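This report covers strand pairing, backbone geometry and surface charge in one model. The structure is shown first.

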Amino acid sequence: VLVTLSLLLSGCQTGPTAEEIVAKMQEVEASTEDAHAVVEFSVQAEDMDVEMDVVVELWEKRPTKLRAEVLEADETEFEGVVSVTDGERAWLYHPGENVVVTGALGDLESDEIPVDPQQVIGFMEEGIQWAMDNFDVKLAGEEELNGVATYKLTFTPREDEEYPMPIPADAKATLWVEKERWIALQAHVDGSSFGEGWVRVRSFEFNTGLDDALFQFEIPAGAEVVDVADMEPVHLTLDEAEDAATFDLLVPTYEPDGATLIEVLQVGEAFVLRYDHSTTSFTIVQGSLPEPMREIPEGEVTEVDVRGQTATLLTDDTGNSFLTWTEDGVSIAIAGHISADEIVEVAESLQ
């Protein structure tokens, strides 16, 4: 009787297991040559002060061609951003600033460049794949999602697993997989105290034979073009920097708390003087900076008089200050772990 019952019960389990569903997804992924999708990304992580909602249209052609266009965004810095890679070169266009940042493939990975939608997408996709590889997976049932039949999978941390980063015990990821095509239509990552994120696929098609012309980028009229190769710093001596500058390079005669000059760099048409000491460190930048490097950090902003010019002074509650002004057509900025009074005194001492 027990044998008969076990055979009957096993015969009722005609659907795939969770592991079989993941394997099918990986098979589809491996056989995909190109894809076109519209995807919504949503992230809320209060501890990291991250909150983002963005809708991106994507075109991908394996192995290295990709185009991403932001259709909707809750942050103005994302609106209309276009990121294109043709396999050898990459372009990142920010229409709000009318700036195109370009460089060899892989060279756009810089903290000084505004957020790239490809990086956001890659981070989310890698997170989902990591959960699939490192969490326990269970089939939670079947569910209709916007009229499409899906399998619902849940992923939870393994009790005895030692992860390279702290993961809340109640963290969980949920994946909705389309039955017909074995593709993920929706993902939800609940990181408990770490926050949560959603990925929702609005439309998806693959292996349609995308045209290579999609992965070329035409520079918009009047846009500023910044090549990341020109943003690579060049180490110089102070004498070399003074000879290379097309303007009078200013050097401070006041160095607070024993701070000394430790490095001189040229970045494009700008020159950087770095001063350091155990309690005080600051950097003086003079010249023309590319648009992606002109962002002013957050903090309390006031206007002060410096060398007969109106300057912007920014301070925060951690002891950092930022001072910027224009003198004789040259942009000058001083920033670092230095008090507001001392940063102004450094500025006044420039000769």
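Strands β5 and β6 form a hairpin with 4 residues between them, and Asn-98 in the turn has a positive phi of about 55°. The model is predicted: local features need pLDDT of at least 70, side-chain atom pairs count only at pLDDT 80 or more, and totals for chains, interfaces and linings use all residues. Residues are numbered from 1 along each chain as its sequence is written, and side-chain values use heavy atoms, with hydrogens and water left out.

**Strand β6 and its partners**

Helices (H or I, at least four residues) and strands (E, at least two) are DSSP runs, numbered from the N terminus. Two strands pair if DSSP finds at least two bridges between them. Strand β5 (residues 89-94) runs antiparallel to β6, with 6 bridges joining them. In this pairing Trp-91 stands opposite Thr-102 of β6. Strand β12 (residues 224-227) runs parallel to β6 and is joined to it by 4 bridges; here Val-100 stands opposite Val-225 of β12.

Buried means under 20% relative accessible area, exposed over 50%, and partly exposed in between (1.4 Å probe, protein chains only). Of the 6 residues of strand β6 (residues 99-104), 5 are buried, so the strand is largely enclosed by the rest of the structure. Asn-98, in the loop between β5 and β6, is partly exposed, with a relative accessible area of 24%.

**Strands β17, β18 and β19**

Strand β18 (residues 309-315) is joined by 7 bridges to strand β17 (residues 300-306), and the two run antiparallel. The bridge partner of Val-306 in β18 is Gln-309. On the pairing with strand β19 (residues 320-327), 4 bridges join β18 to β19, again antiparallel, and Thr-312 stands opposite Thr-324 of β19. Both pairings of β18 are hairpins, as listed below.

| Hairpin | Residues between strands | Turn residue and phi |
|---|---|---|
| β17 and β18 | 2 residues | Arg-307, about 55° |
| β18 and β19 | 4 residues | Gly-319, about 90° |

**Backbone geometry**

Most residues other than glycine have a negative phi, and most peptide bonds are trans. Asn-98 has a positive phi although it is not a glycine. Asp-257 likewise is not a glycine but has a positive phi of about 55°. Asp-257 is found in the loop between α4 (238-244) and β14 (260-267), and at 41% relative accessibility it counts as partly exposed.

Which residues does a cis peptide bond join? They are Arg-62 and Pro-63, and omega is about 10°. Pro-63 is found in the loop between β2 and β3 (65-73).

**Surface charge and one further contact**

A negative surface patch is formed by Glu-51, Asp-74, Glu-75, Glu-77, Glu-79 and Glu-97.

Val-189 is found in strand β10 (residues 184-190) and, at 36% relative accessibility, counts as partly exposed. The C-alpha atoms of Val-189 and Thr-174 are separated by 6.4 Å, while the two residues are 15 residues apart along the chain.

Conventions:
Patches are made of residues with over 30% relative accessible area and no salt bridge: like charges are joined within 9 Å, nonpolar side chains (Val, Leu, Ile, Met, Phe, Trp, Tyr) within 5 Å. Accessible areas come from the Shrake-Rupley method with a 1.4 Å probe; for residues, only the protein chains shown count as cover. A salt bridge is a side-chain nitrogen of Lys or Arg within 4 Å of a carboxyl oxygen of Asp or Glu. Lys and Arg count as positive and Asp and Glu as negative; His and the chain ends are not counted. The place of a charge is taken as NZ of Lys, CZ of Arg, CG of Asp or CD of Glu.
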